Structures are given as C-alpha cells and as structure tokens.
Amino acid sequence: MRDLDQALTLTEAVLDPILAREPAGPRVTYYDDANGARIELSGLTLANWAAKTGNLIRDEFGLSPGARVAVLLPAHWQTAAVLLGCWWAGTEVVLDPDPDADLALVTPDRIDDADGVAEVAALSLDPMGMPVRDLPVGITDFATAVRVHGDQFHPRGAGVALDGLPVSEVLAEARKSALRQGFAEGDRVLSSTPWETPAELIDGLISVLAVGASLVQVVNPDPAAKERRIASERVTAQRG
C-alpha cells in the first residue's frame with residue numbers, strides 16, 4: 001500500500017484495470033468527419049503515449065506532482081493521451097487559460113491564451129505527427145519533444161487532478177456519470193461531446209475509461225454517417 005503522498009494517480013486508477021484485462025483492445029477511436037480521419041488506439045498504445053507525455057512533463061519541463069497544467073486542446077485522441085500523461089505525472093489539469101499555470105499545452109491558434117505561463121508547448125494535432133511550423137521563440141513543439149521520451153512511466157505521487165478536484169472525487173463523479181448514462185464495462189460509447197469544461201471531460205472521457213468501456217469520439221460529425229458508424233464500430237451506448 002502506498003503512503004498518502006504516493007496515492008494512485010488518476011491515470012493509474014483508470015488505466016491499470018484496462019491494461020491488466022484487455023491491453024490490446026480498442027480504447028479510443030477518433031473520427032474527424034471534416035477530413036475523413038480515423039485513428040484507433042489500444043489501451044497499451046494510449047498508455048505508451050501517455051507515458052511519453054508524463055516523461056516530457058517531468059524530465060523536460062521539470063514539473064513535480066502538484067504542478068498545474070493548462071490543457072487548452074479540443075477533444076482529440078492526442079488530447080486523451082496528453083491528459084493521461086498529465087495525471088500520471090501527478091499534475092493538476094485546468095481547462096481554462098491560467099497565467100499561474102506551470103505549463104500550457106495548446107493548439108497554435110491558442111498560444112495567446114497561454115500568455116504569462118512559464119512553459120508553453122504547442123500541438124499541431126496532425127495525424128502524421130508533423131510539427132508546428134514557425135513557432136514563436138520560447139514555444140516548444142510538442143510532437144518533436146515528446147517522441148524522444150520513453151514509453152514507460154513510473155509515477156512519484158498524485159496531486160490534485162482536475163480543476164481543484166482530487167483523484168478520489170474525479171473518480172467518484174466519473175462513476176456516477178457512467179451509471180447515469182448507462183455505460184458499463186465492455187461498452188463502445190459513441191460521443192461528440194467536447195472536453196472544454198471539467199463536467200464535459202468527466203462525462204465524455206473519464207467516465208468511459210473509469211468503467212472499462214471504450215470511446216468512439218467523433219468531431220465535426222456527419223449525421224449521414226452515424227448509423228453506418230454505429231454498425232461498423234459495434235457501438236453499444238451513446239453519449240447524449
């Protein structure tokens with residue numbers, strides 16, 4: 001049993017059961033109907049990208065458990081990995097611009113929202129992992145920086161997890177949300193919910209992972225593709 005200062009991180013709490021039970025199964029399937037993109041990550045692949053992010057946060061940016069990270073990113077498979085990496089590192093995620101944050105992770109169009117933050121990294125969210133071009137001096141290109149880090153992570157403790165909420169409260173809210181929405185272990189959950197607020201993030205992502213379900217996240221959804229996607233992805237539950 002860990003000491004209090006070595007409590008489970010949110011990532012361990014949601015990913016460890018998945019990795020123990022079904023590491024190779026699909027965990028996050030991402031669609032962008034505006035450009036036809038489809039990316040699927042198994043639990044193991046999601047964990048590997050989260051570990052790279054956690055190592056980047058700890059080793060390159062020098063953050064320790066309890067640090068604050070502003071995650072100013074849309075609902076995306078890379079955002080899921082980034083969030084899990086932040087929580088694995090024991091950092092607190094905030095979803096609004098916060099000049100007092102220790103690190104901001106942003107898309108290029110939101111760099112100005114990170115004004116005053118000590119460290120800023122920009123994500124292109126390119127499906128091929130291409131870097132952001134012509135970044136201002138002092139802004140780290142996430143895709144370039146993260147790929148050199150290891151895909152195993154050894155946590156050193158957990159701080160507050162999300163917008164002031166500790167891990168235990170986030171998990172409790174996620175499990176209540178899953179129950180309310182009818183999500184259960186093994187479900188394939190179709191969702192177009194954005195992750196712009198803590199409530200949306202809990203309802204649209206954390207609740208799915210917390211009960212051992214998998215997520216089919218669609219952005220810019222094409223209504224004409226919905227029924228075909230439900231069949232092809234074997235969707236068993238829907239968000240909203």
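Helix H3 is largely enclosed by the rest of the structure, because twelve of its twelve residues are buried. The model is a predicted one.

**Helix H3**

- The buried residues of H3 are Trp 77, Gln 78, Thr 79, Ala 80, Ala 81, Val 82, Leu 83, Leu 84, Gly 85, Cys 86, Trp 87 and Trp 88.
- With twelve residues at 1.5 Å a residue, H3 should span 16 Å, and the 17 Å between its end C-alpha atoms agrees with this.
- Gly 90 follows H3 and has a positive phi, near 80 degrees.

**Nonpolar cores**

- In soluble globular proteins, nonpolar side chains tend to be buried together.
- The largest nonpolar core here has 63 residues, and the members that touch the most others are Leu 10, Val 71, Trp 87, Leu 105, Leu 162, Leu 201 and Ile 206.
- Another core, of 13 residues, lies apart from it; among its members are Ala 101, Ile 111, Val 117 and Ile 139.
- Leaving aside residues up to four places away in sequence, Trp 87 touches Thr 9, Leu 10, Thr 11, Val 93, Ala 161, Leu 162, Leu 201 and Ile 206.

**Helix H2**

- The 18 residues of H2 (residues 43-60) should span 26 Å at 1.5 Å a residue, and the end C-alpha atoms, 25 Å apart, agree with that value.
- Buried in H2 are Gly 43, Leu 46, Ala 47, Ala 50, Ala 51, Lys 52, Thr 53, Gly 54, Asn 55, Leu 56, Ile 57 and Arg 58.
- Asn 55, found in helix H2, counts as buried because its relative accessibility is 7%, under the 20% cut-off.
- The contacts of Asn 55, not counting residues up to four places away in sequence, are Glu 60, His 149, Gly 150, Gln 152 and Phe 153.
- Just after H2, Gly 62 adopts a positive phi of about 70 degrees.

**Cavity and pocket**

- Rolling a probe the size of a water molecule over the atoms shows where empty space is left.
- The structure holds one cavity of 30 Å³ or more, and the volume of the largest cavity is about 30 Å³.
- Leu 10, Trp 87, Gly 90, Thr 91, Ala 158, Gly 159, Val 160, Ala 161 and Val 167 line the largest cavity.
- By class, that lining comprises six nonpolar, three polar and no charged residues.
- The largest pocket has a volume of about 230 Å³.
- Of the 18 residues that line the largest pocket, Trp 49, Trp 77, Gln 78, Gly 129 and Ala 143 lie nearest its centre.
- Twelve nonpolar, four polar and two charged residues make up the lining of the largest pocket.

**Asp 203 in helix H6**

- Asp 203 lies in helix H6 (residues 198-210) and counts as buried because its relative accessibility is 13%.
- Not counting residues up to four places away in sequence, Asp 203 touches Ser 177, Arg 180, Gln 181, Phe 183 and Arg 239.
- Asp 203 and Glu 173 are separated by 30 residues in sequence and by 8.6 Å in space, C-alpha to C-alpha.

**Positive phi in loop residues other than glycine**

- Asp 134 has a positive phi near 55 degrees and is found in the loop between strand S6 (119-122) and strand S7 (139-141).
- At 78% relative accessibility, Asp 134 is over the 50% cut-off and therefore counts as exposed.
- Asn 220, in the loop between strand S9 (214-219) and helix H7 (226-232), has a positive phi of about 50 degrees.
- Asn 220 counts as partly exposed because its relative accessibility is 47%.

Key. Residues are numbered from 1 along each chain as its sequence is written. Side-chain values use heavy atoms; hydrogens and water are left out. A nonpolar core is a set of buried Ala, Val, Leu, Ile, Met, Phe, Trp, Tyr and Cys residues joined through side-chain atoms within 4.5 Å. Buried means under 20% relative accessible area, exposed over 50%, partly exposed in between (1.4 Å probe, protein chains only). Contact means heavy atoms within 4.5 Å. Helices (H or I, at least four residues) and strands (E, at least two) are DSSP runs, numbered from the N terminus. The expected span of a helix is 1.5 Å times one less than its number of residues. On a 1 Å grid over the protein atoms alone, a cavity is a set of points where a 1.4 Å probe fits but cannot get out, and a pocket is an open set with protein on both sides within 12 Å along at least five of seven lines; lining residues have an atom within 4 Å of a point. Grid points are joined across faces, edges and corners, and a volume is the space filled by probe spheres set on the points. Ala, Val, Leu, Ile, Met, Phe, Trp, Tyr, Cys and Pro count as nonpolar, Asp, Glu, Lys and Arg as charged, and the others, Gly among them, as polar.
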